[in-house]
Amino acid sequence: MKEIVFAGYGGQGVLTAGLILSDIAVTNGENATWMPSYGSAMRGGTANCTVKYGKEYIYNPSQEEPDLLLAMNDPSLQKFLGIVAPGGVVLISELVTPCPSPREDVRIVQVPCMRLADEIGHTKGANIVMVGAIIRLMGDFTREQGLSGMNKMFEAKGKDKYSALNARAFEAGYAAI
């Protein structure tokens with residue numbers, strides 16, 4: 001089983017990013033859970049979610065020891081770095097101050113998701129850039145499986161009008177790794 005924590009400010013799309021990944025897993029025959037946690041109930045407050053997926057039954061959907069942490073801001077990195085599994089990955093946006101890891105047992109990867117989203121004309125797509133990066137980093141699903149699962153989720157929500165932009169954002173994140 002794999003565990004990923006998505007964390008950032010409200011409005012950065014971390015809850016949606018987690019939902020996309022859980023849908024990718026389910027679309028590809030895995031069991032998955034998505035457990036959101038909100039700080040302030042407004043844009044700019046804190047938000048995070050935990051996604052777990054795998055072939056086996058998931059008995060505990062809550063945060064334990066994530067294989068990957070997506071930190072979209074400094075407070076998220078500070079809050080969750082300590083629970084990342086040894087050998088895990090910490091994926092950070094360009095909004096996070098890069099610094100040497102206080103932990104030698106995790107790999108830190110920075111992706112300029114805001115810049116990449118701007119370059120493709122999808123300013124609200126930084127979270128989807130990071131989903132593409134996560135799919136590549138985790139290696140559990142192919143690029144095609146990731147795109148297909150993401151598209152199915154947005155279609156089910158009636159938001160498929162952004163399919164082309166979302167695909168470009170996903171591809172940009174996938175290619176950034």
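1. Histidine 122 and asparagine 166 are joined through their side chains, which make a polar contact at 2.8 Å. The model is a predicted one, and the distance is to be read as a value computed from it. Histidine 122 is placed in the loop that runs between helix H3 (113–119) and helix H4 (126–138).

2. Is histidine 122 buried or exposed? Its relative accessible area is 9%, and it is therefore classed as buried, the cut-off for that class being under 20%. Setting aside residues up to four places away in sequence, histidine 122 touches Ala117, Ile128, Leu165, Asn166 and Ala169.

3. Asparagine 73 is found between strand E4 (68–71) and helix H2 (74–80). With a relative accessible area of 3%, asparagine 73 also falls under the 20% cut-off and so counts as buried.

4. Which side chain does the side chain of asparagine 73 meet in a polar contact? The partner is serine 76, at 2.6 Å. When neighbours within four places in sequence are left aside, the residues in contact with asparagine 73 are Gly8, Tyr9, Gln12 and Val96.

5. Turning to the whole chain, the protein contains six helices and six strands. Their order along the sequence is β-α-β-β-β-α-β-β-α-α-α-α. The radius of gyration is 15 Å, close to the 16 Å that the globule rule gives for 177 residues, so the protein is as compact as a globular protein of that length. Along the principal axes, the C-alpha atoms fill a box of roughly 40 × 40 × 35 Å.

6. How much of the protein is made up of buried residues? The share is 49% of the 177 residues. Histidine 122 and asparagine 73 both belong to this buried class. Of the contacts between residues at least 6 apart in sequence, 56% join residues at least 24 apart.

7. The remaining points concern surface and charge. The accessible surface of the protein amounts to about 8300 Å², and carbon and sulfur atoms account for 53% of that area. The protein carries 16 positive and 18 negative side chains. The centres of these two sets are 6 Å apart.

Key. Residues numbered from 1 in each chain as written. Predicted model: local features only at pLDDT ≥ 70, side-chain atom pairs only at ≥ 80, totals over all residues. Heavy atoms only, no water. Helix = DSSP H or I, 4+ residues; strand = E, 2+ residues; numbered from the N terminus. Rg over C-alpha atoms; globule rule 2.2 N^0.38 Å. Buried < 20%, exposed > 50% of the residue type's maximum accessible area, 1.4 Å probe, protein only. Contact = heavy atoms within 4.5 Å. Areas by Shrake-Rupley, 256 points an atom, 1.4 Å probe, with all protein chains shown as cover. Lys, Arg positive; Asp, Glu negative; His and termini not counted. Charge placed at Lys NZ, Arg CZ, Asp CG, Glu CD. Polar contact = N/O pair within 3.5 Å; in protein donor to acceptor, adjacent residues only side chain to side chain.
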